Structure formats: structure tokens, C-alpha cells
Amino acid sequence: MKKIAWLVAGAMAGGVLTLSMQALADNEASPLPLSELRTFAEVFSLIKQSYVEPVEDKKLIDEAIKGMLTGLDPHSDYMDAEEFKELREGTQGEFGGLGIEIGAEDGLVKVVSPIEDTPAQKAGIKSGDLIIKIDDTPVRGLSLNDAVKKMRGKPGSKVTLTVARKNEAKPLVFTLARAVIKTKSVKYKMLESGYGYVRIAQFQEHTAEDLAAGLQKLYKDNKQPLKGLVLDLRDDPGGLLNGAVGVAAAFLPKDKLVVYTEGRTPDAKMRLTATLQNYARPNGSDPLAKLPAEARNVPMAVLVNGGSASASEIVAGALQDQKRAVLVGTQTFGKGSVQSILPLGSQGGIKLTTARYFTPSGRSIQAKGITPDVVVEDATLTAADQALRVREVDLENHLANPNGDDKPAAKPEARPAPKLIAPPQERGKEPAGADETGFGPRDPNPKNDYQLSQALNVLKVQQILQKRAN
């Protein structure tokens with residue numbers, strides 16, 4: 001049967017997912033465990049007869065399905081028809097809500113990262129915050145999909161989040177107005193003469209195309225080939241796999257391996273190379289058509305941190321393995337699994353973990369992450385801020401690393417902030433004076449972003465070494 005693969009961003013940080021229209025063949029299923037099914041039927045009957053209040057059959061069955069899936073790992077889940085629709089909408093970079101990437105921890109909803117330029121970020125929601133109440137509804141016991149459903153709504157309507165934050169004596173209360181969340185996938189600018197900067201906030205349908213256009217503009221503004229390029233993947237939670245392959249293909253020679261996957265079924269085994277058919281959108285046009293030829297050879301530094309997950313780890317791992325870029329920053333999130341979205345007729349679908357992905361050299365980053373070539377801590381973060389960072393290895397029921405290495409690399413001691421670090425901008429205020437690429441005062445700048453300044457230094461050292469070699 002024909003398979004249509006579609007990779008989308010999930011509620012968990014960096015969820016790489018496959019949407020498959022392939023039905024499961026009955027003759028491939030294992031025999032049903034009759035004894036356990038009798039127990040299920042017995043429990044179902046007891047609830048119907050004796051629970052303190054009447055419960056609809058649909059609710060009981062839906063919750064049983066959710067429990068069956070969420071008990072497997074942090075990324076498998078059940079979606080009803082509305083949730084399935086919202087998942088599809090999220091791939092296009094536009095949806096109604098608050099703009100928060102979330103995960104689960106101890107029955108609560110944990111903020112992985114607020115999305116740039118959204119109500120959540122502007123209100124001061126931080127990575128590591130635990131959402132304990134949405135309006136008047138306690139979060140404990142809600143699935144991630146239920147929590148997302150309650151936070152989304154009509155643009156302009158308001159929702160109140162009660163948040164527990166480390167080192168805060170009392171819960172914090174935020175009242176946010178929902179908005180149409182239009183996430184900006186690619187931002188770019190010249191850092192200084194000869195050195196360009198590109199940030200990818202999330203991998204979406206048009207990311208590769210927008211990257212090509214951005215690089216074209218940088219080369220035009222510089223009026224000559226770039227000496228170096230910083231690709232910023234910090235706090236990028238992932239997204240469309242074909243978008244990630246397209247970004248890697250923008251900097252790699254044709255047909256170079258970007259990522260491969262391994263699973264139990266033939267469909268779960270893929271080798272994705274820097275080839276048009278592996279990153280082109282359904283219309284078949286080449287999203288990298290406007291890419292300057294020099295981009296495939298420009299010296300590169302890639303910025304990563306604990307919020308760099310899944311699809312962004314695929315790009316970082318591919319560029320590192322292929323000796324194409326120097327990775328700068330801190331250990332990445334460590335999500336190395338693929339979720340297939342399997343539609344259930346008109347009743348939504350399930351998100352099921354079906355494969356692990358591997359970098360070109362055969363590394364699995366599952367529950368480990370990718371170690372940068374040059375480790376540089378974020379000097380603006382306190383030790384408490386760094387402790388709040390959640391990674392795959394911290395999630396309950398996370399998959400094991402197939403190489404038996406489930407421990408992230410030891411964290412280096414935090415370095416004191418140098419004098420050039422400016423105080424963080426006050427949160428909750430609109431950025432003023434943004435230029436045509438969408439950058440404003442809160443955006444990365446080598447003068448107040450230590451990691452970015454060090455990435456720029458790496459590129460300059462490469463220039464010096466190259467001149468000496470010539």
C-alpha cells in the first residue's frame with residue numbers, strides 16, 4: 001500500500017514524526033492476549049457498574065488507548081480528530097495558541113522552550129517552568145494533548161497559567177491573550193563584514209527555501225563571498241525531517257548521507273541523503289534553487305544547546321560527522337527517535353515511536369545528545385537556570401540508547417560572565433527597532449551573546465589558519 005510520509009513537530013521538544021497512510025495488515029498482528037483482554041473487559045464492566053458517577057463508553061476507551069500509548073515512552077500518544085487536525089496545522093508554522101513547546105514531568109506539564117515572538121515569551125514564561133494549572137483546571141493527570149487543547153483557542157481570548165518556578169516561593173500567575181502563532185522559521189543578518197548569521201527557530205515546510213533566500217540576501221549584502229557563517233540552532237525543538245535534510249543539503253555535497261533510521265518494519269528503515277527527492281516539497285520544485293553556490297563551501301560554526309532537539313540534532317550531527325562545520329555551545333537535548341502518525345479513519349490517529357535515527361557515522365544521540373567540538377556555556381545563565389534545563393534522559397520511560405550510552409556528557413563548570421556581557425533585556429516588552437529580517441534588541445548579537453561571540457572567533461581563527469596554510 002502507498003505510503004505518504006510527512007514529518008511534523010510535536011508537543012514534546014523536537015518531535016520528529018512520520019505521518020503514514022499505510023494500514024496495518026491483519027495477518028502481521030500477533031495473536032490477541034485473551035486473558036489480558038478478559039481482565040480489561042472485567043475492569044471496564046466494574047467501572048460502568050460501580051464508579052461513583054456514570055462514565056461514557058467512549059471516554060473509557062479513549063483513556064485506555066491513551067494510557068496504552070503514553071505508557072510506552074514520552075512521545076507516543078493518542079490524538080482525537082481535533083488534535084490530529086491541530087498537528088497538521090502546526091507544520092505550516094501557523095496556529096492559534098500561546099507559543100510554548102512542552103513536555104511531561106511527574107504528571108505536570110514542563111515548559112521546554114517558549115517560541116520566539118509569542119505571547120508566552122513576551123509574558124516571561126521560561127524554560128523549565130512547571131505549569132500546574134490552566135485556568136481553573138489542575139494539570140496533574142492531564143495528557144499533553146489535553147493540556148495543549150486547553151491552552152489553544154480563539155485568537156484574542158485569554159487563558160491563565162499558574163506556574164511553579166524553581167527558587168520562587170509562590171506559584172507565578174500569568175494571564176495571556178491567545179494569538180495566531182506565526183513562527184518565523186529563518187532569520188538572518190550580517191554580524192560584521194564577511195561574516196553572516198542564520199538562525200533556524202523550527203523546521204517547517206518552507207525552511208529550506210527560506211534558508212536559501214536568506215543566504216542569497218547575505219551574499220548580496222556582503223558583495224563578495226562570505227568568510228564564515230554562523231548557523232544558530234539553539235533552542236530549536238525540531239520539526240519537519242525533510243526540512244532538516246534540506247538544511248543539511250544546503251551545506252553538504254550532493255548525495256552525502258544526512259541521517260538514517262532503523263526500526264522493526266521495512267518502512268522504518270530509511271537512508272536520507274542530500275538529494276532533491278529527500279527534501280523537496282510535494283510540488284517537486286527545488287527549495288534550494290536560489291542557494292548561492294559558495295554556501296556549500298563557506299566555513300561554518302553551528303551553535304547548539306540543551307534546547308536543540310531532534311531535527312536540529314540531525315542537522316548538527318550530519319554537519320559534524322561530515323567534517324563540514326565546527327559545533328559550538330553545550331550538550332544537545334538527546335531525542336533520537338521517530339514517531340509515525342497513523343490515522344485512525346475519521347477518529348484522529350496515534351503517534352507511535354517506530355524507529356531510532358542515527359547520524360552518518362552511526363551515532364545514536366538518544367538520551368545522550370551531541371557533544372559540541374567547542375564547549376561554551378551560556379554566560380548569562382545562572383547555575384539554577386542551567387539546572388532547570390530538561391533533556392530526553394530526564395523524561396520518564398525514555399527509550400534507551402541502542403549503544404548502551406544513556407548518560408549525557410559531563411557538564412563543564414559554568415564560566416563566569418565576561419565583562420562584555422550586557423544584562424538580559426527586560427522580559428515582557430515588545431522589541432523595538434526590528435529590521436527587515438525581524439531582529440530586535442533581544443536578538444543575538446556578538447556584543448552581548450558570549451556563545452555567539454565565541455562561534456565568530458572560531459571562524460576567524462579558521463581564516464587565519466587557512467591563510468597560513470596557503
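Is Ile65 buried, partly exposed or exposed? Ile65 counts as partly exposed, at 23% relative accessibility. Here, buried stands for under 20% relative accessible area, exposed for over 50%, and partly exposed for what falls in between, with a 1.4 Å probe and protein chains only. Ile65 belongs to helix H2 (residues 57–70). Its C-alpha atom is separated by 9.2 Å from that of Ile350, a residue 285 positions apart from Ile65 along the chain.

Before going further, a word on the ground rules. This is a predicted model in which local features need pLDDT of at least 70 and side-chain atom pairs count only at pLDDT 80 or more, while totals for chains, interfaces and linings use all residues. Residues are numbered from 1 along each chain as its sequence is written, and side-chain values use heavy atoms, with hydrogens and water left out.

**The chain as a whole**

The chain holds 11 helices and 20 strands. These elements are DSSP runs numbered from the N terminus, with helices (H or I) of at least four residues and strands (E) of at least two. Of the 470 residues, 50% count as buried. The chain exposes about 22,700 Å², and carbon and sulfur atoms supply 52% of that area; accessible areas come from the Shrake-Rupley method with a 1.4 Å probe, and for residues only the protein chains shown count as cover. Among contacts with a separation of 6 or more, 71% are between residues 24 or more positions apart. A contact means heavy atoms within 4.5 Å.

Let's turn to the strands. An open sheet of 6 strands runs in the order E11-E12-E13-E16-E17-E20, with mixed pairing; two strands pair if DSSP finds at least two bridges between them. Strand E11 (186–192) and strand E20 (374–375) each have a single partner strand, so one side of each is left without a neighbour in the sheet. Helix H6 (residues 207–222) packs on this sheet, where H6 touches E11, strand E12 (195–200) and strand E13 (228–232), and the direction of H6 makes about 20° with that of E11. Angles run from 0 to 180 degrees between N-to-C directions, with axes being lines fitted to C-alpha atoms, for helices over the stretch in contact. Helix H11 (residues 450–469) lies across E11, E12, E13, E16, E17 and E20, and runs at about 160° to E16.

Within the sheet, strand E16 (residues 300–304) and strand E17 (residues 326–329) run parallel and are joined by 4 bridges. Leu303 has Val328 in E17 as its bridge partner. Elsewhere, strand E14 (residues 257–263) pairs with strand E15 (residues 270–273) in the antiparallel sense, over 4 bridges. E14 and E15 form a hairpin with 6 residues between them, and Thr261 stands opposite Met270 in E15.

**Salt bridges**

Side chains of opposite charge can pair when their charged atoms come close. A salt bridge is counted when a side-chain nitrogen of Lys or Arg is within 4 Å of a carboxyl oxygen of Asp or Glu. The count comes to 13 salt bridges. Here are some of them:

| Pair | N to O distance |
|---|---|
| Asp80 and Lys149 | 3.7 Å |
| Arg165 and Asp129 | 2.8 Å |
| Arg363 and Asp321 | 2.6 Å |

Arg363 is partly exposed, with a relative accessible area of 26%, whereas Asp321 is buried at 18%. Salt bridges that share partners also join Arg199, Asp232, Arg234 and Asp449 into one network. As for the Arg165 and Asp129 pair, both residues are buried. Lys149, the partner of Asp80, is partly exposed at 33% relative accessibility.

**A surface patch and a buried threonine**

Leu32, Leu34 and Leu37 form a nonpolar patch on the surface, with about 310 Å² of accessible area together. Patches are made of residues with over 30% relative accessible area and no salt bridge, with like charges joined within 9 Å and nonpolar side chains (Val, Leu, Ile, Met, Phe, Trp, Tyr) within 5 Å. Leu37 sits in helix H1 (residues 34–50) and is partly exposed, with a relative accessible area of 38%.

Thr118, by contrast, is buried, with a relative accessible area of 2%. Thr118 lies in the loop between strand E5 (108–114) and H4. Leaving aside residues up to four places away in sequence, Thr118 touches Leu98, Gly99 and Ile181.
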